[in-house]
Amino acid sequence: MTATTAAADASTNQTKSMDDIMALCKRRGFIFQASEIYGGINGFWDYGPLGAQLKKNLRDAWWQDCVMKGAGGQLGPNGKPVSIVPVDSCIIQNPKVWEASGHVGGFNDPMVDCRESKRRYRADHVRVMFSGASGTDPQRMFAFIEGDDDSRNQALKKMQKYLKDGYEPHNVGYSDLMSFDWSAFAERIVGPDVATPGTLTPPRAFNLMFPTVIGATGDIEDDKAYLRPETAQGIFINFKNVVDSTRVALPFGIAQTGKAFRNEVTPRNFTFRSREFEQMEIEFFCHPSETKDWYDFWKKWRMQWWESIGLGGDNLILREHDADELAHYAKEGAGTSDIEYRFPFTAPGYGELEGIADRTDFDLKQHKEHSGAKLEYFDTTRGELAKNGQPKGERYLPHVIEPSAGLDRGVLAILCESYTKDDSRPSPEIMKFHPRIAPIKAAVFPLVNKDGMPEMATKLTLELRQRFGHLGFIESDAKQSIGKRYARMDEAGCPFCFTIDGESLTDQTVTMRDRDTGAQERMAMDKVGDFLAGKLGVDSSSSLG
Ligand code: GAP
């Protein structure tokens with residue numbers, strides 16, 4: 001591979017190693033395995049100090065841009081400012097909510113179990129490779145997990161061994177486990193982690209809801225409740241409350257961030273598919289005739305937003321769903337798209353970061369029917385004109401466009417995108433976070449720990465904390481050589497370091513060092529705050545940044 005193609009592959013994430021990224025995340029305190037000292041717990045992750053701040057910065061950026069600015073402070077397709085209000089609803093709701101939403105009955109994944117290895121797989125993630133004479137049924141099929149190179153290589157080895165034992169590879173092919181007649185082929189399939197055929201059970205539906213019990217004496221049958229599998233339903237059930245208690249008028253959105261829980265059959269790929277994760281969701285309510293305009297608007301703007309916080313280029317795509325991928329709430333012809341990112345474990349393919357769906361009036365209609373509440377909206381701007389020339393009004397169930405993003409997946413995409421290897425640098429691993437999202441905003445170093453330099457460094461650190469502490473860490477570090485301190489900050493993704501040296505004592509200047517280029521620039525100490533404000537995109541005239 002030439003240097004140019006290696007660089008191109010790195011920028012498309014094809015040569016980035018998840019093992020390296022996960023090791024850095026643990027070493028620098030971004031992400032830890034949950035319950036690690038007890039051996040961990042599958043599908044759960046904790047965020048360390050840098051990870052918690054990174055996640056908060058991403059959540060805050062979403063909150064400010066989507067909610068407070070109203071889709072970035074632009075006009076919507078109706079030529080008016082976009083109106084969005086937040087809610088913060090409970091994780092546990094009346095279980096009838098989840099019956100109405102369709103989750104109790106229909107939120108299932110197909111799974112298969114292996115009787116021999118005792119492992120469980122998502123049936124739609126298992127593929128088989130097979131061989132056989134053209135036009136005949138395959139004699140053996142070797143199952144592997146899609147996107148898992150180790151699993152695929154193991155299946156290939158098993159197939160090659162089998163072929164050596166006397167069978168000819170006529171027609172080597174691949175197929176989705178769900179796409180053929182199970183009863184005819186089950187005995188011929190060799191599971192991903194075993195050598196003998198016929199150990200996989202037929203695919204069956206597995207409900208992803210996490211049940212829990214309410215009350216001290218509660219038992220699971222009488223007092224069963226569920227942890228929410230999406231934040232969206234907390235919005236739908238409060239639609240009427242929000243309309244009645246605020247001055248919002250259609251079209252408008254209700255937004256919420258928070259935890260969601262799904263008992264995923266096979267959690268995997270670091271935090272990508274977890275059992276506990278956080279969502280950032282908007283339900284945007286509009287007149288049924290306006291859904292197409294708002295759907296197109298949200299698709300375009302959500303792509304721009306992810307680009308604005310550092311996920312640009314070929315690694316980000318918008319993909320319209322095929323008809324067979326539609327979710328239970330999406331009706332034929334209603335659009336659903338995914339914003340997808342090319343993670344190292346999906347490369348050269350992509351994985352979902354955010355879904356943008358036309359949910360029609362499915363959810364409000366379901367809650368109206370199940371609860372008996374009147375959830376129609378009375379729109380005074382529509383309807384026939386009365387004698388006085390004013391519209392008589394129209395009562396209807398709004399339709400909904402839903403941009404639904406995963407916060408943990410966003411953090412993971414940012415970690416993968418930022419991870420950069422440069423062997424020519426003292427620390428070859430650099431996290432090139434966008435300054436707005438970086439958990440450490442700046443670091444201040446005294447060149448040596450004497451001669452008044454530590455005092456000056458402390459003064460500048462405190463000034464910067466006063467002004468920017470609400471946005472992230474302002475670090476101070478006096479230990480080891482200056483090169484090692486820069487290297488530590490590169491690995492933690494700190495975009496700017498400021499060093500106080502002998503000259504600083506006489507002329508009140510400092511050296512600013514840029515993480516991405518390594519370039520250094522001399523600047524007046526009293527200009528550091530404004531410089532940082534400019535780079536972080538915050539108002540330099542405000543004392544709060
Ligand atoms: N309210 C719609 C909804 O929940 P979804 O596609 O199931 O739609 C939205 O989830 C987003 O939540 C996804 O695009 C993804 O980023 C994130 N997400 C879903 N399941 C996840 C999981 N098991 N682990 C981490 N993130 C997940």
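The following legends describe close-up views of a predicted model. Local features require pLDDT of at least 70 and side-chain atom pairs pLDDT 80 or more, whereas totals for chains, interfaces and linings use all residues. Residues are numbered from 1 along each chain as its sequence is written, and side-chain values use heavy atoms, without hydrogens and water.

View A. Strand β4 spans residues 108–113 (strands are DSSP E runs of at least two residues, helices H or I runs of at least four, numbered from the N terminus). Because five of its six residues are buried, β4 is largely enclosed by the rest of the structure (buried: under 20% relative accessible area, 1.4 Å probe, protein chains only).

**View B. The strand partners of β4.** Strands pair if DSSP finds at least two bridges between them. With strand β10 (residues 204–207), β4 pairs in the antiparallel sense over four bridges, and Asn108 stands opposite Asn207. With strand β5 (residues 120–122), the antiparallel pairing covers three bridges, and Asp113 stands opposite Arg120. Six residues lie between β4 and β5 in this hairpin, and Lys118 in the turn has a positive phi of about 65°.

**View C. The second largest pocket.** This pocket holds about 360 Å³ of space. Of its 15 lining residues, the closest to the centre are Gln64, Arg436, Leu471, Leu536 and Val538 (lining: an atom within 4 Å of a pocket grid point; a pocket is an open set on a 1 Å grid over the protein atoms alone, where a 1.4 Å probe fits, with protein on both sides within 12 Å along at least five of seven lines). Helix α3 (49–68) and α17 (528–536) each give two or more lining residues, and α3 gives the most, with five. Domain 1 (3–95 + 213–385 + 408–417) and domain 3 (438–536) both contribute, so the pocket lies between them.

Conventions
Buried < 20%, exposed > 50% of the residue type's maximum accessible area, 1.4 Å probe, protein only. Points joined across faces, edges and corners; volume = space filled by probe spheres on them. Domains from an automatic or database assignment.
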